[in-house]
Amino acid sequence: MAEARKIQIVLIPGLGGDHRMAYPQKDLPFDLITPDLIEMKPAETLPEYARRFGEHLIGGRLIDNTQPLFLAGYSFGSAIALELAPTFQPNGLILIGGLVSGGELRPIVRYFGLHFVRHIPLIAFTLATPVIRKFMRRNSEVPERDLDSCMVMYKDFSRNLFRAAYHAVAHWRLERSDIPSSRPFTIPILRIHGECDQIITCPTANSNDNEDLLIILGAKHLINFARREAVNRAIENFIDRTMQDTA
């Protein structure tokens, strides 16, 4: 197993979450860096936002540049991790219930983000809280012990950030003119995805040698909570294998 003190994982939360979203991964034998999202400026694109988020990580001295680094993101956070990769040059990327473009959002989810989310009154987020709790209890597979934590994160989350980031990720396409390959990266990538994800379309297997894909049968969107053992085991195996390959 890779030594814990030498491996850093930046775990970037999804929309509606913060550093507490990484709680199910707290037992991983690595140094976990769990930053909160920052506010998004008006009309800011997702790549522009990711650039500022990266500057926030560097400015806050949250990362030790002398040690191996893995970038990981939950859902929306996976888009930020992908955008940061060319700058940070991590040892690997881990996308947990994540996406590689706005086009991977479920059609109705993306349509709502493109056309409606920015116009939702802020009070609507508060009024929707009981409905969201009932939906999560019935459909998310999140254990009851974690449901309260998820709802607290949702209540604490910036409504303006939710609207702006949701809109930005619905428009997002990963395009890097400085990378000639048709694939965005040559570094190792692990995608962990629920087969029955209601938010992001389940990816299909591909022939890219640098990408591992784990589809967890029957799992839904918040797989880091609902299937924490499988998720943690996959992360640990991926990091150990990646570090062995680069040794």
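This is a predicted model: local features need pLDDT of at least 70, side-chain atom pairs count only at pLDDT 80 or more; totals for chains, interfaces and linings use all residues.
Trainee: Why is Leu190 called buried?

Mentor: Leu190 has a relative accessibility of 4%, and buried means under 20%; therefore Leu190 counts as buried. Its place is in strand β5, residues 189-194.

Trainee: Which residues is Leu190 in contact with, leaving aside its neighbours within four places in sequence?

Mentor: Leu190 is in contact with Leu93, Ile94, Leu95, Asp212, Ala234, Ile235 and Phe238. Contact here requires heavy atoms within 4.5 Å.

Trainee: What makes Arg228 count as buried?

Mentor: The relative accessibility of Arg228 is 13%. The cut-off for buried is under 20%, so Arg228 counts as buried. Arg228 lies in helix α9, which covers residues 228-246.

Trainee: How do you know that the side chain of Arg228 makes a polar contact with the side chain of Asp146?

Mentor: The distance given for this polar contact is 2.3 Å, and a pair of N or O atoms must lie within 3.5 Å. Asp146 is also among the residues that Arg228 touches, together with Tyr23, Pro24, Gln25, Arg145 and Ile223, not counting residues up to four places away in sequence.

Trainee: How many cavities of 30 Å³ or more are there, and what lines the largest cavity?

Mentor: The count comes to 1 cavity of 30 Å³ or more. About 40 Å³ of space lies in the largest cavity. Its lining consists of Met21, Tyr74, Ser75, Ile96, Gly97, His221, Leu222, Ile223 and Asn224.

Trainee: How is the lining of the largest cavity divided by class?

Mentor: The lining has 5 nonpolar, 4 polar and no charged residues. Gly counts as polar in this scheme, and Gly97 is one of the lining residues.

Technical notes: Residues are numbered from 1 along each chain as its sequence is written. Side-chain values use heavy atoms; hydrogens and water are left out. Helices (H or I, at least four residues) and strands (E, at least two) are DSSP runs, numbered from the N terminus. Buried means under 20% relative accessible area, exposed over 50%, partly exposed in between (1.4 Å probe, protein chains only). On a 1 Å grid over the protein atoms alone, a cavity is a set of points where a 1.4 Å probe fits but cannot get out, and a pocket is an open set with protein on both sides within 12 Å along at least five of seven lines; lining residues have an atom within 4 Å of a point. Grid points are joined across faces, edges and corners, and a volume is the space filled by probe spheres set on the points. A polar contact is a pair of N or O atoms within 3.5 Å; within protein, one must be able to donate a hydrogen and the other to accept it, and residues adjacent in sequence count only if both atoms are side-chain atoms.
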